[in-house]
Amino acid sequence: MKTSQFFLNTLKDNPSDADLVSQRLMVRAGLIHKLGSGLFTWMPLGFRVLQKVEAIVREEMNRIGALQIVMPNVQPAELWQETGRWNDYGTELLKIVDRHERAYVFAPTHEEVITHIARGELRSYKQLPVCFYQIHTKFRDEIRPRFGVMRAREFLMKDAYSFHLDNASLAETYQKMYDAYTRIFTRLGLDFRAVEADTGSIGGAVSHEFQVIADAGEDALVFSDSSNYGANLEKAEALAPKNSPSVSQKTKELIHTPGKRTIKAVCEFLKLPETQSIKVLLVKGTENDMVALVLRGDHEVNPIKAEHHPLIAVPFTFADEKLVESKVGCAVGYLGPIGLTEKNIPVIVDRDAAVLTDFCCGANQVEYHLVNVNWQRDCPLGEVFDLRNVVTGDLSPDGNGTLVIKRGIEVGHIFQLGNKYSTSMNATVVDEKGQPVMMQMGCYGIGVSRTIAAAIEQHHDEHGIVWPTAMAPFQIALVPMNYHKSQRVREATDTLYRELQEAGFEVLLDDRNERAGVLFADMDLIGIPHRLVLGERGLDNGLIEYKARVAKEVQEVKLTDLMSFLDTILRVKHYIE
RNA sequence: CGGGGCAUAGCGCAGCCUGGUAGCGCACCUGCUUUGGGAGCAGGGUGUCGAGAGUUCAAAUCCCUCUGCCCCGACCA
């Protein structure tokens, strides 16, 4: 490809509305063009990158036997009413009406349609397991689209759905997907980790997220510093404390703490470490109007974990403050665990709060706190449950090492769905005995467009994008000096351009009549991994200049050795199982 | 949805307070010079000042309504 025949539209200025490096660079390099909030056109250069990622995803899906299809994005409302998601999905679901006033959705995901297909097309256990996938746009009416294609409303996704007779088969395909995802992100050249994830409202037992490690990531990830343990913050556990409270030698004491409503203020006032305090959160319950959650003062509640407790209402919601005051008799800020059970407020205690001795807490009395409080002696313990977010330095739940927290960008997510959709949509096959069996399902997504933004977050420098080889829109930038003035250079360049193309390299010849600086700057900005510069000086000596985008220094290569040189550094590295 | 802000050339912005010729930088087009890291000179404006209604002799500017976009927060697979 020659730049004169391509559409290279680079900008010097940063777009005013870009918050992330990747977003700025994608606009400046001319990869994308914004149409509206969360809506983007992929311009020719960006589309080439998109196709690179798609091709790798497709290869790896095909390798594990998944079958590509394309499903409609406009889907009848009836299917969504059948699973209940017409109402449950919330405002992210874009509903549309056609000229006959019939209701449709613009699909944010395709479980309904694929399950509809499966119940119609799959009849016998002999057809199972089977896995379909598509690479297609989705629309989610995000409350706040941001970060360019990272959190867009319309975006490109690979979604796969598998169908099984039993859970063992589902687990087998799930593992194949896990391995395929690992190969995909490895081939793409990304620094990523698979972490355990909460399955949330989608249900099912097992789920992993594939996360690209980047400071700009929206997700907090937890890893052990000395084992393979990894989970997102919602899911991550710490090792439960093994000790139990020691026997107290101190007497409980009521202390006047005027205006001290926060843990920080109370502990400073009492000259106690926050680790020696507890806090009480009152939240809405399922059976009671409120439930008390007790955590150590320095810890933070994890709403997702709390929602797993049957007494705690979903979604996690704090109890109304007025109700708290009328029922407990004091304002939030002076709450403590003593006497709550008697007021018909169940008490659920985090594991780390349950092992404290001589702690301080609110007295359930305005402007008073208690010190040297002890479980059992002063207050029944209540149920012990894991309620908190882990923090850096906690012990890894597998007993190996301590936990560290990093940021990540979620680029893939795999679920063992089980029979949630097959049940609500009655998708069965007959087994060996001719009996109908509800199919088990898995679903597996990759955010294709988001992956590209994630790659840039991870691979850029002050000059622009530094594409991992597998994603680059072109492999080689051929930059001639004085192409339009020097016939020698032009002829040598054109010859080399042909040879490179014939050798199978994707080469971008920058034949624009611009100054060298412009050519260099643009080739750096758009991140082509390898650059060849041909000028009269070099031709005199039979040399060409090579520079890797990642390298600081250039090197001279003999023109006669060029092909074998390129062959060595550019040899396509096929992933080896 | 709550709070805040913005909307003027393809992009980034000034002009608005105090009403009176539509501006700047980049980009773009023409010519000359230049040519190994975002060149210089000269010329060129490609605009429904987001939309509608209003005040006024006169509105980018003042008033009202609407729309779009951005930021913070809450929401969410």
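A residue is buried when its relative accessible area is under 20%, exposed when over 50%, and partly exposed in between (1.4 Å probe, protein chains only). At 4% relative accessibility, Tyr174 therefore counts as buried. This is a predicted model: local features need pLDDT of at least 70, side-chain atom pairs count only at pLDDT 80 or more, and totals for chains, interfaces and linings use all residues. Residues are numbered from 1 along each chain as its sequence is written, and side-chain values use heavy atoms, with hydrogens and water left out.

**View 1. Tyr174 and Tyr444 form a tilted aromatic pair.** Rings of Phe, Tyr and Trp (its six-membered ring) pair if their centres lie within 6.5 Å; planes under 30 degrees apart are stacked, over 60 edge-to-face, and the rest tilted. By this rule the count comes to 13 aromatic pairs. One of them is edge-to-face: Phe6 and Phe474, 5.6 Å centre to centre with 80 degrees between the planes. Both Phe6 and Phe474 are buried. For Tyr174 and Tyr444 the values are 6.5 Å and 50 degrees. Tyr174 lies in helix H6 (residues 167-187) and Tyr444 in strand E23 (residues 440-447), so the pair ties together parts 270 residues apart in sequence. Helices (H or I, at least four residues) and strands (E, at least two) are DSSP runs, numbered from the N terminus. Tyr444 counts as buried because its relative accessibility is 1%.

**View 2. Five rings make one aromatic cluster.** The members are Tyr178, Tyr181, Phe185, Phe192 and Phe210.

**View 3. The charged end of Lys95 sits over the ring of Trp86.** It is 4.3 Å from the ring centre. The rule asks for NZ of Lys or CZ of Arg within 6 Å of the ring centre and within 35 degrees of the ring normal.

**View 4. Strands E1 and E2 form a hairpin.** Strand E1 (residues 32-36) and E2 pair in the antiparallel sense over four bridges; pairing takes at least two DSSP bridges. Gly36 stands opposite Leu39 in E2. Two residues separate the strands, and Gly38 in the turn has a positive phi of about 70 degrees. Side chains alternate along E2 (residues 39-42). Phe40 and Trp42 point to one face and are buried.

Notes:
Chains are lettered from A and ligands numbered from 1 in the order in which they are written.
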